[in-house]
Amino acid sequence: MNRRTKTLQRIFRARILYLLLLPALLYFFIFAYFPTIDGVRISFLDFRFIGENRFIGFENYRQAMHTAGFWQAFKNTVVIGLCNVILTAFVPMLLALLLNEVRRKAWKRISQTVLYMPHLFSWVIVGGIWIFMLSPNAGLVNVIRDFFGLESIYFMSKEAYARAIMIGVNLWKQAGFVTILYLAAIAGINPELYLAAMIDGAGGFKRALYITLPELMSTLRVVLLLNIMGALRMFNQIWVMRNEVIAPKIDVLMYYVYERGLVQFKIGYAAAISVLIFVLTLVITLISNRFIKYRV
Amino acid sequence: MPSMRKTFPIGLVVLLLLLTPLFLCAEGAQEEKPTLIWMTGVQGGREPAEIPLFDAEVERLTGVKVKTVKTTDDYYTKLSAMLATGEPLDIVYMNAGQFENLWDQRLFEPLTEWIENSPVLSDPEVIPQSEWDRIRREDGEIYGVFNKFEQGTMPIARKDWMDKLGYGNPQDLDEYYQLLRAFKTEDPDGNGLDDTWGLALGYTTYDTTGMFGAYGLMKGFEKDAAGNLYAPWATEEAIPVYEWFRRLYKEGILEPNFITNKSSNFRDLFMTDKAGMTCYWAAWVGLFNQQVKAERPDSPFQAVGLVPPKGPGGRLLRAGGDGLMVIPKYSEHKEEAFKVIEFWHSYEGNVLSTLGILNHDYTMEGGKYVLTEVGKAHAMDHGAPQPKSLKWVNPFGEAEGFDEAAAIVREYGRPELVTPYGKIWEKVVRSEAAKIILGDISPEEGIANMVRRFKEEGVYK
């Protein structure tokens, strides 16, 4: 019996399973793969809502490469994205290690809940909270500054603070969720390892360094990969918190796509940028996956 | 022979997959009268539950079955998506800026002949000929019909505070400054606290055309003698106005969140006795009075629209950009769609667009209109609180202060030139204006930055 026949037989034996998979596959094809493929097609067109769509080859891509706005958005995406990836991977790890040392269960639960709550809020609420907190007259940050005799700063009007604010607010929102992931991983560590380390005279710091951290590496790999995949797709936070003054420092590629495609109706051009984002995400994810798998 | 245990699940799945399209086709087959799809961000029911009632009322009054697709949040994102996917839209509402952005797509049906043959729309006592000529395109055709009287934006102040502090209507920027300073420093609300601001704005410069108008400087773009676009607020003539705002900010008269404030923020500041003046739509003079009186009947609150400051350039306000109803070329029900658009400007249409739905927003008692509690809550706004028709007289009268404000806009208002670069203007001018007002850069530097950025964006040649 040749290989092809064997394969067909295997498929036939599992035919019910394949049939049951069909709706899910159809869903992904219609709502994920087809739009992606069609987006690539549209990126080569001078897209019109009605009438003929003229094929223009790589003109949309060429235009993007020669537009200062695209490169500014790309730079903003790289800077903010990279900081988000690193900070939202390692800061929650530190938080998890600290939380793990809290002995009283009630305090631990309260701390976890308080840390996790921002993750539940939508970006509209989070953005509104922080725009108010940073406001120059009634915002908490400036009230504290005023208490210490410092001058009020209109943070949301200063380009110098813009990226740091976006990164900091994103960390505030996401840290709790990632901390929970790390805490779950820590809970799975064999307690006998800690016992053995204590017998050998290892203090809390050494136990964290030589037992807890190595055990968290697999979770770190997952977190880094998820962060990298999401880094180029930032939009909600920027849309909520941006204003024209700080926009040059924080407008990211996805916002650029939104502005060009849905506000200025340059659908073909926006599709080209989307394809570039897709390719970049794919390449970075593949490279990172390889690196993280073997080095981290 | 395959057993029942294996055949049954396979058969069930296949049957379900086959039957689903049949059910969908059957649902479609039940439609007899065509249903027009009316895409809008402002017209129609005030809440989701009221939308079908609005549709039924349109059908009752016109005989045309409509389905309004109303999105107030991110309307243009949804509109773009629906246009791009070829959704069968029959009537589409859009503002003049979006119309310009879509113009190159050649999406719109010319309506000139229908308008000229319409007894309602061609009546100059409903819509004057000059208004139609204003929106006529280069090819002589008219591609949209107005939604409502768009009024304009203007300075709106607390009349009760002005009377209490002994200030009359300010006439120039100096008198405006004196008034705003008084709102800040003279405790106009009488609570003994330093908790009021002179002026509350949003989006940095929204909408301060009245102040720039003292130097004859309109918002947006104008054309120079050679026909090239330029932005009046990005010229040296605007320096005195930027310096005026800068002074307001430095002296703590301008509410400091003017960059991040949204419309709701500065409206709230004005209505809650935190600011003595704001710049907003003339219709809001009436709405401010209505809303505050409804919530706090004992409040002395009284909003009034002010004549803009006079300067070397005269006086100028921005009259509202047109909201238009268009019919896409691919609509399969163009005649019915135009019938609905024409109805919108008839007396019955004016009643629907203002008071609302019979026996829901209002009732008729002895030949008189009586607003229900629902109607009162809807504040007589179902898409055109001030209809375009010159014949329209609101049976309840206009909200307090609106008539006077509208008269000021009619006298000094001029629509801005509509271009596809509106968003670029906002991005460039607002950001540089903010830096000037904050004192981070000089007005000269800010204006030079604006010019440079307009060149980079390809607006300036």
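Strands (E, at least two residues) and helices (H or I, at least four residues) are DSSP runs numbered from the N terminus, and two strands pair if DSSP finds at least two bridges between them. This is a predicted model, in which local features need pLDDT of at least 70, side-chain atom pairs count only at pLDDT 80 or more, and totals for chains, interfaces and linings use all residues. Residues are numbered from 1 along each chain as its sequence is written, while chains are lettered from A and ligands numbered from 1 in the order in which they are written.

Q: Which residue of E11(B) is the bridge partner of Thr153(B)?
A: Strand E5 of chain B covers residues 152–158, and two bridges join E5(B) to strand E11 (residues 317–319) in the antiparallel sense. Within E11(B), the partner of Thr153(B) is Arg318(B).

Q: Which residue of E10(B) stands opposite Ile156(B)?
A: E5(B) is also joined to strand E10 (residues 303–305) of chain B by three bridges, and the two run antiparallel. In E10(B), the residue opposite Ile156(B) is Gly305(B).

Q: How many bridges pair E5(B) with strand E9 of chain B?
A: Strand E9 spans residues 275–281, and its pairing with E5(B) is antiparallel. One position is set by Ala157(B), whose bridge partner in E9(B) is Met277(B). The number of bridges between E5(B) and E9(B) is five.

Q: How many of the seven residues of E5(B) are buried?
A: A residue is buried if 20 or more other C-beta atoms, placed from the backbone, lie within 10 Å of its own, exposed if 12 or fewer, and partly exposed in between. By this count E5(B) is mostly covered, and its buried residues number seven.

Q: Which residue in the turn between E13(B) and E14(B) has a positive phi?
A: Strands E13 (residues 362–365) and E14 (residues 368–371) of chain B pair antiparallel over four bridges, with Tyr362(B) bridged to Leu371(B). They form a hairpin with two residues between them. The turn residue with a positive phi, about 60°, is Gly366(B).

Q: What is the distance between the end C-alpha atoms of helix H17 of chain B?
A: The expected span of a helix is 1.5 Å times one less than its number of residues. The 17 residues of H17(B), 422–438, should therefore span 24 Å. The model agrees, with its end C-alpha atoms apart by 24 Å.

Q: Which helix gives the most to the side of chain B that touches chain A?
A: Two residues are in contact if their C-beta atoms, placed from the backbone, lie within 7 Å. Under that rule 30 residues of chain B are in contact with 24 residues of chain A. Helices H1 (4–29), H3 (75–84), H4 (96–103) and H17 of chain B each supply at least two residues of this side of chain B. The most, eight residues, comes from H17(B).

Q: How far apart in space are Pro118(A) and Lys173(A), C-alpha to C-alpha?
A: Pro118(A) lies in helix H5 (residues 105–120) of chain A and is partly exposed, with 18 other C-beta atoms within 10 Å. Leaving aside neighbours within four places in sequence, its contacts are Val126(A), Trp172(A), Lys173(A) and Gly176(A). Pro118(A) and Lys173(A) are 55 residues apart in sequence, and their C-alpha atoms are separated by 4.8 Å.
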